[in-house]
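Subject: Structure handover

Hi,

Here is the structure I promised to pass on. My notes follow below it.

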Amino acid sequence: MPEYKAPLRDMDFVLNEVLKAEQHYQSLPGYEDATPDMVSAIMEEGAKFAEKVLSPLNQIGDQQGCTWADGKVTTPAGFKEAYQQFVEGGWPSLAHEVEYGGQGLPESLGLVINEMVGTANWSWSMYPGLSHGAMNTLDAHGTEEQKQTYLTKLVEGSWTGTMCLTEPHCGTDLGMLRTKAEPQADGSYKISGTKIFISAGEHDMAENIVHIVLARLPDAPAGTKGISLFIVPKHLPESLSESNGVSCGSIEHKMGIHGNATCVMNFDDATGFLIGPPNKGLNCMFTFMNTARLGTALQGLAHAEWGFQNSLVYAKDRLQMRALNGPAEPDKPADPIIVHPEVRKMLLTQKAFAEGGRAMIYYCAQLVDKVKVSDGEEKEYADGLLAFLTPIAKAFLTEVGFESANHGLQIFGGHGYIAEWGMEQNVRDSRISMLYEGTTQIQALDLLGRKVLMTQGEALKRFTKIVHKFCQAEADTQAMAKFVKPLVEINKEWGDITMQIGMKAMQNRDEVGAASVDYLMYSGYAVLGYLWALMAKEAQEKIAAGTNEEDFYRAKIKTAEFYFARILPRTRSLVATMTSGCESLMDLDAEHFVF
Amino acid sequence: MKILVAVKRVIDYNAKVRVKSDQTDVDLANIKMAINPFCEIAVEEAVRLKEAGIATEIIAVSVGPKACQEQIRSALALGADKGIQIETDHISDSLNIAKLLAKVVKSENIDLVIMGKQAIDSDNNQTGQMLAALLNCGQGTFASKLEIKDQKVLVTREIDGGLQTLSLNLPAVITTDLRLNEPRYAALPNIMKAKRKPLEVKTPQDLGVELKQHTKLLKVAEPSKRQGGTMLNSVDELIEKLKSEIQGI
């Protein structure tokens, strides 16, 4: 049976050695509690929970899936009990404010725990994951009374939450949404409409579900400027046994994440309460959009890590064929398949994306902390940088996460296609991550259009300056030359290409769309290149200073070398395609596609 | 009722144990360390007694260098109230540990000691017994069930012939077997609270114990590698081989 082991040593390396978590936490107000010993104790306990409770339920969740009958959803065997344990462990409260029952720990530490929980069992992790989104909404925009009523219950974990955005006719384009909110004399609203694709919309794990619903007031302007946010609980807090006009019409039958209930939610004159100012619902949502998208970026890392761990075990165990240079283990009937270059390539690709992805997410998570608790220039700076990196992390990491999951399957040969090994589940589960929370294509438009070109390249410069500084500082370090030289080139090219696309876009806006996904992937490889260079530097310094973990650090340097030799060059073809102009995409008449 | 639980820092049961190249000891560099599983069961049992309103205070004690404070903190996160680390770099054998614990039992007025029956590193299985002897009190080893009744402790023990139940006067020393309970996971708020709980550091001198070397570690070696087997063609051949190659059958 496939299984998950939390890679605590690598997590520690990225968090504490590469990204200097101790200095980071001690520099931020309110995070003094997050000392290294505390962080490590929390991570160890989170690892235990992920490995022993959640990992064994991953395959069961896929095989059993959720079932719907008469509006009730039953989750797979063990899911409910695991959630109960999660609540007893106080985990939902981690990154929330002390006055609402939280532990007041940094959001970035929450993401570290989410990594383990999500890698062990992504479908399960979505139930508390969606609650987290609802909690952030309440935290940022709720009134004191709303926080006392709903946030405390969500922090405690006895209730869960959802985000109800999508409707049958509108997913990406929320301006078209139709769900209505009628004001009532007592200040509440009657909500009516249908929402679809609502993850964790209905289930048997908690006594109440708090839906955060996007709807329109009667006098609302058309489009995105007429959307308001409402709290609509499954049961009103004062009468938990009665229905509040919220029902689950059905659940979707889908490719993966079977353990998570994807619901059609019907609101029939359900009582709701406005949260945030009227008609500002989308703006309110944007306040924590980056955090939510980072949560999905994490899924890319999760499936890469899971695929890597399990295919590594198999590659060392499976005996088949001989090494090309003659038998590596002559006493055995054949060599383990890890001797073959192409198998190694697939393993190293997964390793480079999993560990590099971890660095990317932890890096962004520290920016989330800064946005949350710092102020003035520091906050503004972190906010801009995070806004730039978020679409990259979300789309790039989920794309390479899916690629990695596929490599994991491939290493198993035909067995990878067989359900029992869990590798095909990993591929299926990972596929959704490129779709929800904004598709890859939407993230790409957000990055190139909104973030980069609309700021006249300022957002990009904020990051390339960091890379530039690093390259300058390492310019004379002989051992770093193999990383620094290509990085300097990419860093310059990045700006040049952006300028080039920007110029063309002034004549034709389609040039932005036509270059966008390639541009995003290019940016992803560039960011990851910087992070791998950073990790290689840390490892080199540790070895130079003397360590009894030389193998560990050497493996980091070797993986960085692999990345620069075999992954970063993917940018060459991306440069060619993204600068080739939009004509090759736009010239064919829509009516002529069939010919 | 005051309970003392002893916790030992050992190599995590999941970690692969390596022997130092000079065979002087096990290589502890960069290996994951954890609380000894039997000790964790002892902590859990003490916490359950406290939750049942029987125990009033739980003191977790560990003997070793500063690093073993991590294991004391683990015990505090599970529900112990106070920790005591007895600082020593000296490799302490069971009798030294028992002497140190005996002093703490006396000075803290302990009513009940619960400890693991053995640690998964050296598997000595003797500290609890030695401690009971030094304290001149009753011992209930290999406990699979524990009950406190009328100032007595009823211990169900796993013995070769089955189960045996003893009734012991307090104070007493109990050592835990695997089936006594299933330890809980530490809850996040308790991990954070553990940091603020008192943790005293004492030295053997403070306790008036002179550590002596009662045992000497001569050499540590890996188990010999399994030799390859031979395929035989028939049962007769097997019997022949057993007769000729293995004496005494």
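Which residue of chain B forms a salt bridge with Lys48(A)? The partner is Glu40(B), with the closest N and O atoms 3.6 Å apart. I count a salt bridge when a side-chain nitrogen of Lys or Arg is within 4 Å of a carboxyl oxygen of Asp or Glu.

Some ground rules: this is a predicted model, where local features need pLDDT of at least 70, side-chain atom pairs count only at pLDDT 80 or more, and totals for chains, interfaces and linings use all residues. Residues are numbered from 1 along each chain as its sequence is written, chains are lettered from A and ligands numbered from 1 in the order in which they are written, and side-chain values use heavy atoms, with hydrogens and water left out.

**Between the chains**

There are three salt bridges between chain B and chain A. In terms of contact (heavy atoms within 4.5 Å), 15 residues of chain B touch 25 residues of chain A. The two chains bury about 1700 Å² between them, 58% of it on carbon and sulfur atoms; buried area is the accessible area (1.4 Å probe) lost on putting two parts together, summed over both. On the chain B side, Tyr185(B), Leu188(B) and Met192(B) lose the most area to chain A, together 40% of what that side buries.

**The sheet in chain B**

Chain B has an open sheet of nine strands with mixed pairing, in the order S9-S8-S7-S10-S6-S1-S4-S5-S11. Strands S9 (162-169) and S11 (199-202) of chain B are at the edges with a single partner strand each, so one side of each has no neighbour in the sheet. Strands (E, at least two residues) and helices (H or I, at least four) are DSSP runs numbered from the N terminus, and two strands pair if DSSP finds at least two bridges between them.

Strand S8 (residues 152-159) of chain B runs antiparallel to S9(B), joined by eight bridges, and the two form a hairpin with two residues between them. Within this pair, Leu154(B) has Ser167(B) as its bridge partner. By contrast in sense, S6 (residues 112-116) and S10 (residues 172-176) of chain B pair parallel over five bridges, where Ile114(B) partners Ile174(B).

**One helix over it**

Helix H4 (residues 127-135) of chain B lies across S6, S7 (138-149) and S10 of chain B, at about 175 degrees to S10(B). Axes are lines fitted to C-alpha atoms, for helices over the stretch in contact, and angles run from 0 to 180 degrees between N-to-C directions.

Cheers
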